[in-house]
Amino acid sequence: MNNKLLKSLPHRITFIYLIAGLLWILFSDRFLLLFTSNLSVLTQLQTYKGWFFIAMTSLLLFVLLRNYSKRINNIKNDLNKAKQKSEESDKLKSAFLANISHEVRTPLNAILGFSELLRDTTYNEQKRITYLTHIVQNGENLLMLMNNIIDVSIIESGQARFEAENLKISTLMKELQ
C-alpha cells in the first residue's frame, strides 16, 4: 500500500462508519416496524439494535486498533533493523579506519624516517642511495595502498566497470610468482 492510501484509510473508514450509522438510525426503526407494531416488543428490539450497534462499533475499533498496532510494530522492527545495520556499519567503518591508519602510517613513517636520515651529510653516497631506495619503495607501497583503497571504494559504490577478456592461466601463474 502506498502512503497516501494509508493516510486516507482512517478517513475513509470514519466516513463509511458515519454514513452507515446515519442510515442505521434513520431506517432501522422503520425496518423493525415491519415486524411488529407492539410498543413493548419494539422497545425490546430497539434495545437489541443498540447492543448490536455497540458490538459492531467495538469490533470495528478492535480491527482498526489491531491493524494500527501491527503497522506500528512493523515500523518499530524496521527502525530497529536499520539501527542495527547502522551500528554494524559504524563498527566496520571504525575497524577499517584503524586498519588503514596502521597500513598508511608504516610506509609514511619509513619515508619520513629515511628522509630525515638524508639530512645528515656525514653518510656516504652508498648509504644515501640505500635510504633513497627505501623512500621510493615505501612511497610506491603507499601509492599502491591508496590506489587499492580507491579501487575497493569504486567497486563497493557500484561505479566499477568490468570487461571480459581472454586470459592464459600460465601467464597469470607467472605473474603471481
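This is a predicted model: local features need pLDDT of at least 70, side-chain atom pairs count only at pLDDT 80 or more; totals for chains, interfaces and linings use all residues.
Student: How many salt bridges does the structure hold?
Tutor: A salt bridge requires a side-chain nitrogen of Lys or Arg within 4 Å of a carboxyl oxygen of Asp or Glu. Among the pairs that meet in this way are Asp90 and Lys93, at 3.5 Å from N to O. The number of salt bridges in the structure is 3.

Student: Is Arg119 buried or exposed?
Tutor: Arg119 forms a salt bridge with Glu116 at 3.6 Å, N to O, and the two are 3 residues apart in helix H2, about one helical turn. Glu116 counts as partly exposed at 46% relative accessibility. The cut-off for exposed is over 50%; Arg119, at 64% relative accessibility, therefore counts as exposed.

Student: What accessible area do the residues of the nonpolar surface patch have together?
Tutor: The patch is formed by Phe15, Ile16, Ile19, Leu22, Leu23, Leu26 and Phe27. One of these, Leu23, lies in helix H1, residues 3-35. Leu23 counts as partly exposed because its relative accessibility is 43%. Together, the patch residues have an accessible area of about 700 Å².

Notes:
Residues are numbered from 1 along each chain as its sequence is written. Side-chain values use heavy atoms; hydrogens and water are left out. Patches are made of residues with over 30% relative accessible area and no salt bridge: like charges are joined within 9 Å, nonpolar side chains (Val, Leu, Ile, Met, Phe, Trp, Tyr) within 5 Å. Accessible areas come from the Shrake-Rupley method with a 1.4 Å probe; for residues, only the protein chains shown count as cover. Helices (H or I, at least four residues) and strands (E, at least two) are DSSP runs, numbered from the N terminus. Buried means under 20% relative accessible area, exposed over 50%, partly exposed in between (1.4 Å probe, protein chains only).
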